[in-house]
Every structure is written in structure tokens, then in C-alpha cells.
Amino acid sequence: MLLAWISNITPNIMPLDNVKMDISIILTAHGQDHLWRETQHVALSGYSNVECIQKLRLLENDRRDIVNTLRNDLSPITLRSNPISSEAKVLIALRFLSTGSFQAVIGDTSHVSQSSYSRILHQFCKIFIQHYHYLVRWYDSPEEMTKTKRKYFQSFGVKGLFGVIDGTMIQIKGVTGADEPAYICRKGYPALNCQVVIEADEKFRGVVAKYPGSCHDAFVFSNSALKQTLEYDPRQGFLFADSGYGLSPVLITPFNKPTTPEEIYFNKVHRQVRSDVERAIGRLKNHRRCLHKSGGTLQYTPTIC
């Protein structure tokens with residue numbers, strides 16, 4: 001009756017046969033979408049270690065661990081309308097983080113709408129941080145810090161060093177309004193200035209990612225909880241930092257104009273140690289192309305980033 005009524009009121013625009021044909025096409029596409037979603041788990045389980053590294057920048061064991069850890073939190077509330085599985089959500093989110101492509105582009109290849117993709121990515125990041133917050137943490141005990149100091153002393157002969165601090169720019173979507181100038185970094189594009197601290201094994205020990213790109217590295221450090229933690233007991237040791245930071249008992253910077261052989265040698269060792277943090281940042285951006293300019297700017301406002 002409804003189809004006949006549509007045909008009667010729009011005889012020259014939408015004939016009955018065309019309506020039936022359109023419905024047939026929609027049902028066929030809907031069935032194909034269901035078929036694709038039903039085979040998602042098989043496709044994910046069939047990923048080899050090489051494919052996981054190429055597509056997700058992760059080892060197969062790491063990918064499986066993430067799926068198993070987040071399965072309950074990412075599982076759909078109901079099975080109605082054939083929802084997206086937790087395994088597929090992990091794949092979709094990791095694919096974006098490893099490539100930095102647009103949501104719509106990856107959504108088209110994954111048979112997921114851009115709006116669904118956005119919700120999946122937000123849900124994944126929120127739950128991932130809740131479960132894997134321990135991956136980036138400060139030293140849990142003096143013994144753990146002493147172990148790192150020993151590594152630096154054995155490798156470079158520096159006593160009391162337990163890490164290196166530096167800042168890196170993460171390009172983001174341009175900000176409009178009165179806050180726009182604050183996010184333009186010294187390189188001329190909108191960004192967030194992210195502070196990172198790494199240890200001897202290039203393991204991240206601290207991250208601060210909330211300050212606009214125009215903020216200086218020294219300003220970010222001065223307003224971080226890390227500064228208070230270090231200055232609470234300066235005797236525990238110090239960090240190496242570049243000349244952009246101010247020299248202090250807890251931050252050791254290189255000599256501006258070394259003249260003596262000792263000062264020249266110290267700057268050489270300082271440069272070698274600081275190369276660790278540069279490699280760690282470079283490796284992070286290469287593995288997670290969404291953080292690298294070559295992967296595309298993060299199309300999000302600072303609040304979402």
C-alpha cells in the first residue's frame with residue numbers, strides 16, 4: 001500500500017518499479033554489510049605477524065593482548081542490528097593511529113561510516129588509557145631509579161643521571177578565535193607542545209601533552225608536576241636537557257661556549273645521551289603516523305587531542 005501510494009503521488013518522479021529496484025539494491029548492500037561484519041573476526045584472526053607490523057605497527061601477540069584486554073569494555077551492549085565486534089573496533093582504531101589517515105578514508109575501507117569511526121576511536125582511546133596507564137609512569141621506587149642511574153653510569157660515566165627530558169610538536173587542526181595565536185608554534189603551524197621524559201632504555205617515564213605550541217619547553221616544565229617531584233628531593237638525581245631549559249640542580253644543560261677540554265668532553269657526552277630522547281620521539285612518530293606531519297595533521301581541536 002505504501003509503495004502504491006508513493007507511486008500515485010509521484011508518477012513522473014519515482015515509478016513503482018524503480019522503488020522496488022532501489023529497495024532491492026539497499027537490501028543487497030545491507031546483506032553484504034552483514035556478511036562483511038560476520039567475517040571480521042576471521043580476518044583479524046588470520047593476520048600474520050608481518051601483516052600486523054605493516055598495517056597496525058604492532059606484533060601479533062601485542063595485538064591479541066589488546067583485543068583480549070579491551071574485549072569486555074568494547075563489546076556491544078546488544079547483538080541487535082549486527083553490531084561491530086570488539087575485535088573490529090581494535091583494528092579500526094589501531095589502523096588510524098598507525099597511519100594518521102582521515103576517518104572517512106579508513107571508514108570506507110572498513111565498511112564503517114565516519115560517525116561510527118569517530119565514536120569507536122574515542123571509545124578505544126578512553127578505555128585503552130584506563131587499562132594501559134602503567135605503560136608510561138614515573139619511577140615506582142628508589143631501587144628502580146638506582147637501576148637506571150647505574151645504566152647511565154656504566155654507559156657514559158655520568159653519576160646521578162636517571163633520564164632525559166625534551167619537547168616535541170604535535171601538529172593539530174587549526175584553532176579559530178582568540179586562542180589561535182597561542183597554538184602557532186615556532187615552526188609556523190598549530191600544534192601542541194608535548195613534554196616527554198625517557199630513561200636509558202628509551203622507555204617513556206613521563207608525558208605532558210596539554211600546552212599550546214607557542215609555549216616554550218621551559219615553561220611546560222616549570223608548570224608540570226614533574227618539576228615539583230624533582231625539586232622535592234634534589235639529591236635523588238637529575239635529568240639532562242637541552243640549552244632551552246634553565247640550568248638547575250635537577251636539570252643539567254650543556255655549556256653554551258665550552259673552552260676547556262673537560263667542558264668540550266662533557267658537551268659531547270651530553271649530546272650522546274640526549275640522542276636517546278630524539279630517537280625515542282622519532283620512533284614513536286614513525287610507529288604512530290597520526291603524530292607525524294607526514295601522516296597528516298590531527299583533525300581535532302586541542303580539547304579532543
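**Stop 1**

Select Arg71. With a relative accessible area of 27%, Arg71 is partly exposed. Here buried means under 20% relative accessible area, exposed means over 50%, and partly exposed is in between, using a 1.4 Å probe and protein chains only. This is a predicted model: local features need pLDDT of at least 70, side-chain atom pairs count only at pLDDT 80 or more, and totals for chains, interfaces and linings use all residues. Residues are numbered from 1 along each chain as its sequence is written, and side-chain values use heavy atoms, with hydrogens and water left out.

At 8% relative accessibility, Glu87 is buried. What joins the side chains of Arg71 and Glu87? They meet in a salt bridge, 2.4 Å from N to O. A salt bridge needs a side-chain nitrogen of Lys or Arg within 4 Å of a carboxyl oxygen of Asp or Glu. The pair links distant parts of the chain: Arg71 is in helix α5 (residues 60–74), Glu87 is in helix α6 (residues 86–99), and they are 16 residues apart. Side chains of opposite charge can pair when their charged atoms come close.

**Stop 1: the whole protein**

Zoom out and show the cartoon. Look for 12 helices and 5 strands. Both are DSSP runs numbered from the N terminus: helices are H or I with at least four residues, strands are E with at least two. The protein has 305 residues, and buried residues make up 39% of them. Next, contacts, meaning heavy atoms within 4.5 Å. Among those between residues at least 6 apart in sequence, 58% join residues at least 24 apart.

**Stop 2**

Hide the surface and colour the strands. In what order do the 5 strands stand in the sheet? The order is β3-β2-β1-β4-β5, in an open sheet with mixed pairing. β3 and β5 (251–252) are at the edges with a single partner strand each, so one side of each has no neighbour in the sheet. Two strands pair if DSSP finds at least two bridges between them. Strands of a sheet pair through backbone hydrogen bonds, either parallel or antiparallel.

Walk across the sheet:

- Strand β2 (residues 191–198) pairs with β3 in the antiparallel sense over 6 bridges. Find Ile198, which stands opposite Phe204 in β3.
- β1 and β2 run antiparallel, joined by 8 bridges. Find Gln171 opposite Ala191 in β2.
- β1 and strand β4 (residues 238–240) run parallel, joined by 2 bridges. Find Val164 opposite Phe240 in β4.

Stay on β1. Of its 11 residues, 11 are buried.

**Stop 3: Thr168**

Select Thr168, in strand β1 (residues 161–171). Thr168 is buried, at 12% relative accessible area. Which side chain makes a polar contact with the side chain of Thr168? It is that of Lys285, at 2.7 Å. A polar contact is a pair of N or O atoms within 3.5 Å; within protein, one must be able to donate a hydrogen and the other to accept it, and residues adjacent in sequence count only if both atoms are side-chain atoms. Leaving aside neighbours within four places in sequence, Thr168 also has contacts that include Leu192, Cys194 and Ile281.

**Stop 4: Ser116**

Jump to helix α8 (residues 114–131), where Ser116 is found. Buried or exposed? Ser116 counts as buried, at 17% relative accessibility. Its side chain joins that of Arg119 in a polar contact of 3.2 Å. Now pick Lys89: it is 27 residues from Ser116 in sequence and 9.9 Å away in space, C-alpha to C-alpha.

**Stop 6**

Select Arg279 and Asp276, which form one at 2.3 Å, N to O. Arg279 is partly exposed at 40% relative accessibility, whereas Asp276 is buried at 6%. They are 3 residues apart in helix α12 (residues 261–287), so about one helical turn separates them.

Elsewhere, salt bridges that share partners join Arg137, Asp140, Glu144, Glu199 and Arg205 into one network. Within it, the closest N and O atoms of Arg137 and Glu144 are 3.9 Å apart.
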